[in-house]
2 protein chains.
Amino acid sequence: MDTEQLLPDEQAIRIKAKLFRGFADPSRLMLIEVLRNGKKSVGELVEITGLSQPNVSNHLRCLADCDLVKKERDGRYIYYRLSDMRITTILQKSEQLLSEVAKGVYDCTRYESAKELENNE
Amino acid sequence: MDTEQLLPDEQAIRIKAKLFRGFADPSRLMLIEVLRNGKKSVGELVEITGLSQPNVSNHLRCLADCDLVKKERDGRYIYYRLSDMRITTILQKSEQLLSEVAKGVYDCTRYESAKELENNE
DNA sequence: ATGTTATATCATTATATAATGATATATTAA
DNA sequence: TTAATATATCATTATATAATGATATAACAT
């Protein structure tokens, strides 16, 4: 029996996963959260987030490549803004979801949560 | 000037990023997509997705730890289902977003997209 | 008890990727 | 032109994590 046909389109899934990966890193998510308040230059983002300038630029490039943010040069400054308000909607929905599952996510034993556990034992 | 206070709560951002990481892997996203059609046993998920059994179990554990899916044993079988319909809402919103930014995400030059590029040159 | 099936866990390997420091590019001003 | 500022890119390192194969556990049947 060929199960391939039961699968949701693999290509579509990869693309969707990639979209979520834009949100799946704390530094990028922090940048996105800051940009919810309006456009900011790279320097402003560096100052607000406390991340290094190359790190901010790298994450912004990732977000821009995936069209999650738009860039706009003004003289020496380059301003970034969210490309679509649906990003905010998705974040709002996820916040609602989190308010219910937060405990589970917080206690999640896999991945980088191990880092946090070091402080608790 | 203390910029720390301008930051969205770092703890909250980490938790939110972790939630999105549940969606940010193609294998996990495929499992979630399949579960949108109703609860499935591990064996069914293995057959439908074509992933190895330990790999499915690992991803399910990740999803269960983060409360994105619920498990329920029935004899030898363990059935998994989505824990909350908001998961589906978030996916729907992201699909809408993707329908506009898909080209950007598809062309994204960072991360695993490099793998896909190998085929095109 | 033994055998079979279903699922989970463990140890390992390979890959992806976040972060850093150094450097390059671009813009403006003097 | 040179200097200063803003941002991007490159090369490297360290870490995170996806996948695998082997094994363990659990439930049921005989």
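How many residues lie between β2(A) and β3(A) in their hairpin, and which residue in the turn has a positive phi? There are 2 residues between the two strands, and Gly75(A) is the turn residue with a positive phi, about 65 degrees. The structure is a predicted model, in which local features need pLDDT of at least 70 and side-chain atom pairs count only at pLDDT 80 or more, while totals for chains, interfaces and linings use all residues. Residues are numbered from 1 along each chain as its sequence is written, and chains are lettered from A and ligands numbered from 1 in the order in which they are written.

Chain A contains 6 helices and 3 strands. Helices (H or I, at least four residues) and strands (E, at least two) are DSSP runs, numbered from the N terminus. Read from that end, the order of elements in chain A is α-α-β-α-α-β-β-α-α.

Two strands count as paired if DSSP finds at least two bridges between them. Along this pair, Val69(A) stands opposite Leu82(A), Glu72(A) has Tyr79(A) as its bridge partner, and Asp74(A) has Tyr77(A). Strand β3(A) is also joined to β1(A), by 2 antiparallel bridges. Here Ser41(A) stands opposite Tyr79(A).

Together the 3 strands make an open, antiparallel sheet in the order β1-β3-β2. In chain A, β1 (40–41) and β2 are at the edges with a single partner strand each, so one side of each has no neighbour in the sheet. Helix α2(A), residues 26–35, packs on this sheet and touches β1, β2 and β3 of chain A; its direction makes about 90 degrees with that of β3(A). Such angles run from 0 to 180 degrees between N-to-C directions, with axes fitted to C-alpha atoms, for helices over the stretch in contact. Contact requires C-beta atoms, placed from the backbone, to lie within 7 Å.

Of the contacts in chain A with a separation of 6 or more, 48% are between residues 24 or more positions apart. Of the 121 residues of chain A, 34% count as buried. A residue is buried with 20 or more other C-beta atoms within 10 Å of its own, exposed with 12 or fewer, and partly exposed in between, the C-beta atoms being placed from the backbone.

An automatic or database assignment sets domain bounds, and for chain A it gives domain 1 (9–84) and domain 2 (85–121). In chain A, 5 residues of domain 1 are in contact with 4 residues of domain 2.

In chain B, helix α1 (residues 10–23) has 14 residues and reaches 20 Å from its first C-alpha to its last, close to the 20 Å expected at 1.5 Å a residue. The expected span is 1.5 Å times one less than the number of residues. Buried residues in α1(B) include Ile15(B), Leu19(B), Phe20(B) and Phe23(B). Gly43(B) belongs to helix α3 (residues 42–49) of chain B, and counts as partly exposed because it has 13 C-beta neighbours inside 10 Å. Gly43(B) and Tyr79(B) are 36 residues apart in sequence and 9.3 Å apart in space, C-alpha to C-alpha.

Notes:
Two residues are in contact if their C-beta atoms, placed from the backbone, lie within 7 Å.
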